[in-house]
Amino acid sequence: MRHQVCIIGGGPAGLLLSVLLHRAGIDAVVLERKSRDYVLARIRAGVLEQGLCDLLRQAGVGTRLDHEGQVHDGTLIAAHGQRIHIDFRGLTGKAVTIYGQTEVTRDLYAELDRIGAPVIHGAEEVQIHGADTDAPHVTFRQGGQGRRIDCGHIAGCDGFHGVSRQTIPAAIRQEYEHVYPFGWLGILSETAPVHPELVYAGHERGFALCSMRNPHLSRHYLQVPLTDRPEDWTDDAFWDELRRRLPPDLADGLETGPSIEKSVAPLRSFISEPMRWGRLFLAGDAAHIVPPTGAKGLNLAASDVHYLSRALIAHRQGDDSLLDSYSATALARVWKASRFSWQMTRMLHRFPDEGPFLARMQAAETGWLAGSRAGQTALAENYVGLPW
Ligand code: APR
Ligand code: PHB
């Protein structure tokens with residue numbers, strides 16, 4: 001089998017790349033290890049920068065987003081006794097859109113079905129061969145059968161645990177990692193959001209976040225020790241702890257109900273350089289992970305895909321300059337968004353081993369932010385997304 005581009009991984013990065021390439025007349029195949037149902041059952045974040053919304057529209061998958069997405073012009077930060085409304089629209093002229101990543105993925109699959117672009121599910125033992133030659137190929141097994149795809153380029157969109165990054169020789173790869181000493185316990189519940197905007201709460205008991213998917217579906221998180229498991233937390237214990245970490249008026253208005261999903265995720269910052277080796281190009285979580293505090297994971301995957309799709313389209317027109325600059329261009333934005341995610345995480349979480357000095361620094365930072373238009377503008381500019 002031969003395709004111009006072989007995309008490994010059918011998460012949002014791989015699917016979006018495939019749609020954009022097909023629209024430009026480039027034939028791409030997606031290899032996904034799991035089933036479609038499995039991929040669509042994963043609960044992930046849901047804050048979309050304007051750049052991602054525009055890219056989805058450009059990919060022809062903006063209709064449901066434009067009907068069902070909720071535009072948020074700001075967010076509330078409640079920390080160290082301060083209540084800071086960050087007015088994205090007033091400070092930057094931009095906003096974010098609340099629309100679940102699961103819905104983005106669903107829309108992308110529907111579009112790939114419509115245009116007849118191939119997605120191979122249940123692709124096991126994927127291996128990349130000859131990425132540093134002019135004739136790379138990918139082998140895998142499907143239903144016990146060995147298969148091979150010859151291609152011009154390979155896009156490694158297979159997430160943090162995928163094979164693509166590991167294919168780049170260790171001597172070439174430079175990895176940067178910071179692991180945070182806590183996790184986030186998240187629940188999804190069929191309850192009304194506690195506030196019209198997202199609430200990021202920094203409390204001496206730990207961080208909490210009140211997010212949402214729609215007016216009847218809420219997503220809440222608590223900072224918890226890494227040793228906690230979801231089954232250690234009853235729904236009642238979750239709601240009680242969330243109430244303690246919110247400002248009293250919001251806690252009083254919190255609607256509670258049974259959780260329909262509950263999970264713990266560790267927090268990590270990770271960047272692997274370079275994002276290209278020969279004809280292999282990494283995009284999304286395959287190359288970098290951010291802690292979820294700034295909601296940047298999906299958005300960074302989208303900017304990578306934007307840079308990579310336009311580079312592959314230029315290549316077909318005989319211009320390789322964008323392929324050559326892909327890694328540097330993508331990484332420049334990745335580092336900036338990673339800095340923001342790291343800084344939001346530092347500002348709002350309790351770091352159990354760092355003592356009272358850090359706590360006073362955090363209080364000073366939020367005190368400054370509360371009174372500084374410049375500080376709020378900097379936060380807003382990063383939250384709505386730096387330019388592509
Ligand atoms: N072979 C084939 N597919 C693989 C392999 C493999 N060896 N390893 C992983 N995959 C698949 C996974 O099953 C998953 O569907 O690659 C996909 C990677 O998707 P994501 O982890 O969602 O990563 P990405 O598309 O980069 O999305 C980035 O979305 O999922 C979030 O946390 C993520 O917010 C981040 C953003
Ligand atoms: C979410 O809705 O899941 C969400 C929102 C904002 C974040 C992280 C997660 O910063």
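Domain bounds, as used here, come from an automatic or database domain assignment. In this predicted model, the assignment for the chain gives domain 1, made of residues 2–72 + 95–177 + 268–345, and domain 2, made of residues 180–266 + 352–384. The C-alpha centres of domain 1 and domain 2 are placed 29 Å apart, and the contact between the two draws on 27 residues from domain 1 and 21 residues from domain 2. About 1900 Å² is buried between domain 1 and domain 2, with 62% of that area on carbon and sulfur atoms. On the side of domain 1, Ile43, His72 and Phe340 together supply 25% of the area buried against domain 2, which is more than any other three residues give.

The surroundings of ligand 2 involve both of these domains. Domain 1 (2–72 + 95–177 + 268–345) and domain 2 (180–266 + 352–384) both contribute residues to the shell around ligand 2, and therefore ligand 2 lies between them. The shell counts 13 residues, of which the closest to ligand 2 are Tyr200, Ser211, Arg213, Tyr221 and Pro292. By class, these shell residues comprise 9 nonpolar, 2 polar and 2 charged residues. Two strands, β14 (208–214) and β15 (217–224), each provide at least two residues of the shell around ligand 2, and the largest share, 3 residues, comes from β14.

Several polar contacts to oxygen atoms of ligand 2 can be described individually. A polar atom in the side chain of Ser211 is found 2.6 Å from an oxygen atom of ligand 2, while an N or O atom in the side chain of Tyr221 is 2.5 Å from an oxygen atom of ligand 2. The backbone also takes part, in that a polar backbone atom of Pro292 is 2.7 Å from an oxygen atom of ligand 2. Of the 280 Å² of accessible area that ligand 2 has on its own, the protein covers 99%.

Ligand 1 is surrounded by 24 residues, and the closest are Glu32, Arg42, Arg44, Gln101 and Asp285. The shell around ligand 1 divides by class into 9 nonpolar, 8 polar and 7 charged residues. A polar backbone atom of Leu298 is placed 3.2 Å from an oxygen atom of ligand 1. The protein covers 90% of the 700 Å² of accessible area that ligand 1 has on its own. Two or more residues of the shell around ligand 1 come from each of the elements α1 (12–23), β2 (28–32) and α10 (297–316), and α10 gives the largest share, 3 residues.

His80, a residue other than glycine, has a positive phi value, near 50°, and His80 is located in the loop between β5 (74–79) and β6 (82–87).

Technical notes. Residues are numbered from 1 along each chain as its sequence is written. Chains are lettered from A and ligands numbered from 1 in the order in which they are written. This is a predicted model: local features need pLDDT of at least 70, side-chain atom pairs count only at pLDDT 80 or more; totals for chains, interfaces and linings use all residues. Side-chain values use heavy atoms; hydrogens and water are left out. A residue is near a molecule or strand if one of its heavy atoms lies within 4 Å of it. A polar contact is a pair of N or O atoms within 3.5 Å; within protein, one must be able to donate a hydrogen and the other to accept it, and residues adjacent in sequence count only if both atoms are side-chain atoms. Accessible areas come from the Shrake-Rupley method with a 1.4 Å probe; for residues, only the protein chains shown count as cover. Helices (H or I, at least four residues) and strands (E, at least two) are DSSP runs, numbered from the N terminus. Ala, Val, Leu, Ile, Met, Phe, Trp, Tyr, Cys and Pro count as nonpolar, Asp, Glu, Lys and Arg as charged, and the others, Gly among them, as polar. Contact means heavy atoms within 4.5 Å. Buried area is the accessible area (1.4 Å probe) that two parts lose on being put together, summed over both.
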